[in-house]
Amino acid sequence: MDILRIATAGSVDDGKSTLIGRLLYETKSITKDKIQALEAASKRKGLDFVDLSLLTDGLIAEREQGITIDVAHIYFNTPNRKYIIADTPGHFEYTRNMVTGASNASVSIILIDARNGVSQQTKRHFYIASLLRMPHVIVAVNKMDLAEYSESRFNEICKEFKVTVGNAGFDGQSISFIPISSLFGENIVEKSSQMDWYDGDPLLSVLENLENRQHLVAASEIPARFPVQMVIRPKTEAFHDYRGYAGRISSGQFNVGDLIEALPGGQMSKIKSIEKYENKLNDAQAGDSVVISLEDDIDVSRGSMIAKVGQTPEQVKLLTARICWMDHIPLSAGKNYLIQHGINTVKAKINSIESVFEVEHFNEKETPDSIKLNEIGIINLRLASPIFVDKYEDLSSNGSFILIDPMTNNTSGLGFVTNF
Amino acid sequence: MEQELVKMQSKQNFKSNRSFPRQLEDEAIYIIREVAAQFEKPALLFSGGKDSITLVRLAQKAFYPGKIPFPLVHIDTGHNFPETIDFRDKLVEELGLELIIGHVEESIKEGKVKEESGKYASRNALQTVTLLDTIEAGKFDACIGGARRDEEKARAKERIFSVRDDFGQWDAKKQRPEMFDILNGKIELGENVRVFPISNWTELDVWNYIKEEEMEIPSIYYSHQRNVFKRDGMIWADSEFINKSDDEKAYEATVRFRTVGDMTCTAAVLSDADNIDTIIDEIIGAEISERGARIDDKRSEAAMEKRKQQGYF
């Protein structure tokens, strides 16, 4: 059974929590005691309706302010697959939390209030979904009940979306538009009788039929990458000479017998075995946590990368990246950071800042000397030792990294490799 | 928006899945290996419940054919179900693991915490102090725990690598962003990280996993006869650790436990489910959530978040 990871974006006012509550309710994923707790909490707040946002806004500060601050993870399932929703904040101050929630998702559901149409926030969410190269975007035009279930209003919003933000996307991205009413459950699980003019599927059917990111292309056609997390050497009687490399395949597929190269060093060998616990496998794909053994005793340790001969990634010490800044302390040229690429951490220096884009108002800043919280910029980096990367647009699973501030240990930024 | 929940009518009859999504296991193993690689002295927080038993299985798989390279740490409130303790000792022996036990009893004797009194007296909240002391004494820089995000709404906000300060506190507003599968385990001396490899599992996922892996679990998860009494609409196990009032009469019933904390904070459910399949049927049909039977969560809406701020895992 597979898992579909969804990021929802939109503010409480767009009916995001109601939509999630609706999905949980319709798939029987919310229990009686939780509904009772919601009713009691709503009453305590002096509301005369059941506030479904209380279900997802789990922090005291969130409930006080009535906004989502941090990502909440919500789970439901159908007979077909398991769903994980990363419910992310809409306010621009929490853009970093939105990126956190969205980074692992294959689908972004962007909510638009039918009465208000496309907002700054809509643009921001779509921009981030595209930055992360999310293959699927679903624009859910919500509160159709308050727009008389009007086809022309829906078409107007779709058009507005395509004109104002549509060009921020990328080739291969699918965007679908669905008119819904979360409050009344229209076009959520079943086709709405209120909107006969809509000839697409309801939201849940669309989700059920989406292909996952990793399944869009056959694994064997994607360059295979295996970052080594650790060397396993039991040195026990039964496994005296055993030496295996433990890790999780980040892309593509490996087969027993494949000719491989280990980076750094570039020594070559052949795959002797692929194991998952006590099972010996013939092949393994992206996402599998395995132990790989090689025919020859070559130099491989934590941080090494195993790739197939002829498909190796670049060994890079100078690179250009788009960076999404997440720290209150701004990024500045000349400063030193740690760069963590997958499981590999090396020292890095910011050589220069090329440009900065301000996500709040979509402005390009003139002559930037720093990148502030929630801004996105292009930077040039120099590393103390090479990392083994691909460009994010070519192979996203091996093309991103984080920057860690060595003074605070904070995860300060998320980078996408654009060039080297 | 008014009275929306009341109007909600489910339009479809959903069947739940009964197979375990294997990606969750791969993800958890990746996380556990990162802990072993990034930290000097990790430990696995073991309660004897199904979630921590699942963690032990995952750790076994992560390092196979090598051994689990860190100890289990158990905080013993002294009020545990004897079945849980027996199970713990058997598991540790079978797998040849190191077990470190922190006793709440000792924290009480040392005067670090005060035993609660009254009818709701429980050592559940006290164990945080013992936990923090045990972490400090063992110099553990990473503690693997079996918390899941679906359990409770404050937990739904938790990161996989959750940094705690010198005092073991969780600060929700200062959480590090966590992107893709990049796990930043950098900390200062004195700080430690709580790690939650099964964050993305639901209760049903855990049960489906236990079934597919044919894992053993403590007998109290299965239906059995027990002396119980009723309080606040819940069924409590009768034990010497709970102060019953005169009108609370114990009687025998067929029950099982859905979650295993200590005897003072875990309620039983009436159940005939005596094997893994009937338990899964029961979970799927349940109208009450798992932590609905946790008396410790009922104290207030923010009970869990407040305990986490203090260092509770």
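What percentage of the 313 residues in chain B is buried? Buried residues make up 50% of them. The legends below describe close-up views of a predicted model.

**View 1. The open sheet of chain A has six strands.** The strands follow the order β2-β3-β1-β4-β5-β6, and their pairing is mixed. At the edges stand β2 (72-77) and β6 (174-179) of chain A; each has a single partner strand, so one side of each lacks a neighbour in the sheet. From one strand to the next, the twist averages 25 degrees. Between β2(A) and β3 (residues 81-87) of chain A there are six bridges, and these two strands run antiparallel. Within this pair, A:H73 has A:A86 of β3(A) as its bridge partner.

**View 2. Helix α2 of chain A spans residues 32-44.** The helix has 13 residues, which at 1.5 Å a residue should span 18 Å. The C-alpha atoms at its ends are 18 Å apart, in agreement with that value. Just after α2(A) comes A:G46, with a positive phi of about 80 degrees.

**View 3. Domains 2 and 3 of chain A are in contact.** Chain A is divided into domain 1 (2-215), domain 2 (219-308) and domain 3 (314-419). The C-alpha centres of domain 2 and domain 3 of chain A lie 29 Å apart. Ten residues of domain 2 of chain A contact nine residues of domain 3 of chain A. On the domain 2 side, the largest share, three residues, comes from strand β7 (residues 225-232) of chain A. By class, this side has five nonpolar, four polar and one charged residues.

View 4. A:P264 is in the loop between β10 (259-263) and β11 (267-276) of chain A. The peptide bond that leads from A:L263 to A:P264 is cis, with omega near -5 degrees. A:R133 is in the loop between α6 (120-131) and β5 of chain A. Its phi is near 55 degrees, a positive value in a residue other than glycine. A:R133 counts as partly exposed because 17 other C-beta atoms lie within 10 Å.

**View 5. Four strands of chain B form a closed barrel.** The strands run β7-β8-β10-β9, with antiparallel pairing. Neighbouring strands are turned against each other by 70 degrees on average, direction ignored. Five bridges join β7 (residues 224-231) to β9 (residues 251-257) of chain B. B:N227 stands opposite B:E252 in β9(B). B:D232 is in the loop between β7 and β8 (234-237) of chain B. B:D232 is not a glycine, but has a positive phi of about 50 degrees. With 9 C-beta neighbours inside 10 Å, B:D232 counts as exposed.

View 6. Domain 1 takes in residues 23-206 + 302-310, and domain 2 takes in 217-297. Their centres, taken over C-alpha atoms, are separated by 23 Å.

**View 7. Two prolines of chain B lie in loops.** B:P218 is in the loop between α7 and β7 of chain B. B:P218 counts as buried because it has 22 C-beta neighbours inside 10 Å. Leaving aside neighbours within four places in sequence, B:P218 is in contact with B:G48, B:E83, B:T84, B:F87 and B:V260. B:P218 and B:V260 are 42 residues apart along the chain, and their C-alpha atoms are separated by 9.3 Å. B:P65 is in the loop between α3 and β2 (72-76) of chain B. The peptide bond from B:Y64 to B:P65 is cis, with omega near 5 degrees.

Key: Residues are numbered from 1 along each chain as its sequence is written. Chains are lettered from A and ligands numbered from 1 in the order in which they are written. This is a predicted model: local features need pLDDT of at least 70, side-chain atom pairs count only at pLDDT 80 or more; totals for chains, interfaces and linings use all residues. Two strands pair if DSSP finds at least two bridges between them. Axes are lines fitted to C-alpha atoms, for helices over the stretch in contact, and angles run from 0 to 180 degrees between N-to-C directions. Domain bounds come from an automatic or database domain assignment. Two residues are in contact if their C-beta atoms, placed from the backbone, lie within 7 Å. Ala, Val, Leu, Ile, Met, Phe, Trp, Tyr, Cys and Pro count as nonpolar, Asp, Glu, Lys and Arg as charged, and the others, Gly among them, as polar. The expected span of a helix is 1.5 Å times one less than its number of residues. A residue is buried if 20 or more other C-beta atoms lie within 10 Å of its own, exposed if 12 or fewer, and partly exposed in between; C-beta atoms are placed from the backbone.
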